[in-house]
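Reader: I have a model open and would like to learn how to read it feature by feature. Could you walk me through it?

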Amino acid sequence: MTREKIVAAALQVMEDADFAALSMRALARHLGVNHATLYNYVDNLAEVEQQALDELMSRIPMPDAASPVPLRQQLIEHLLAVRRTQLLYPKFCHAPPGSRAWRLHMGCVAQVIRACCGEDDQVEDVAIAYNALIGLVATSAERSRASGSNTSITPDLQALAALPRDEFEPLFRPLVANGGYAPKLTSLVYRLDHLIGLLMPQLPPLDEEAIAAMQTTFSKGAGSSGW
């Protein structure tokens, strides 16, 4: 009954309970032991819960204005890490207000605001932008989790091509005008970069090489989501 095993079990129990408060009985049940036995290994349940959430958050890099890496790149990498985490624990992003997990979410918002705000009057805009971006990656993760695969957007585009063009004409305009869909539509990484440019214009743009490198890493590690 190692601490690592208990922490991993705590994460799964919290996922099953929508990341509400962890209970000793539920944790013992998941570990296959009597809850009285678990007291031999766990003195403080709140401490176990915090350790489990800290383990989860250790997988998500946070933007840091002091880092030499461009903030825009850090933010995209942070959002992609949130997506990877939600694939494993889909209820994490929807933790109930006031819970420990929810407080961690608020801590993330505070850190992003600290890193990305040059002026105080940008705070609300950055908070709204971050929540919109989190909504995108959460939807992306849910689509991949529900489908059981991390395929690219190609199946969506193939299905789109079968729609009646006269009825869905606006969806086909990019094809007519540009000869194909732009990466900001077909790639999650490019889409995040495009939206950050619109929602957080204070963050300098990235060069194409940096975006392409992130897209390559994302495609190899997690695949691209659909829309």
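Reader: What does glutamine 73 touch, not counting residues up to four places away in sequence?

Author: A contact means heavy atoms within 4.5 Å. In this predicted model, glutamine 73 touches Leu206, Ala210 and Met214 once residues up to four places away in sequence are set aside. Glutamine 73 also lies 10 Å from isoleucine 196, C-alpha to C-alpha, although 123 residues separate the two in sequence.

Reader: Where is glutamine 73 placed, and is this residue buried or exposed?

Author: Its place is in helix H5, residues 71-88; helices are DSSP runs (H or I, at least four residues) and strands are E runs of at least two, numbered from the N terminus. Burial goes by relative accessible area: under 20% is buried, over 50% exposed, and in between partly exposed, with a 1.4 Å probe and protein chains only. Glutamine 73 has 17%, so glutamine 73 is buried.

Reader: Which ground rules sit behind such values?

Author: Residues are numbered from 1 along each chain as its sequence is written, and side-chain values use heavy atoms, with hydrogens and water left out. As this is a predicted model, local features need pLDDT of at least 70 and side-chain atom pairs count only at pLDDT 80 or more, while totals for chains, interfaces and linings use all residues.

Reader: At what angle do H1 and H4 pack?

Author: Axes are lines fitted to C-alpha atoms, for helices over the stretch in contact, and angles run from 0 to 180 degrees between N-to-C directions. Helices H1 (residues 3-16) and H4 (residues 45-57) pack at about 85 degrees, with axes 9 Å apart. H1 and H4 are therefore roughly perpendicular, a label for 65 to 115 degrees.

Reader: How many helices and strands does the protein have?

Author: There are 12 helices and zero strands, and the C-alpha trace spans about 70 × 45 × 30 Å along its principal axes.

How values were computed. Parallel < 35°, antiparallel > 145°, perpendicular 65-115°, else oblique.
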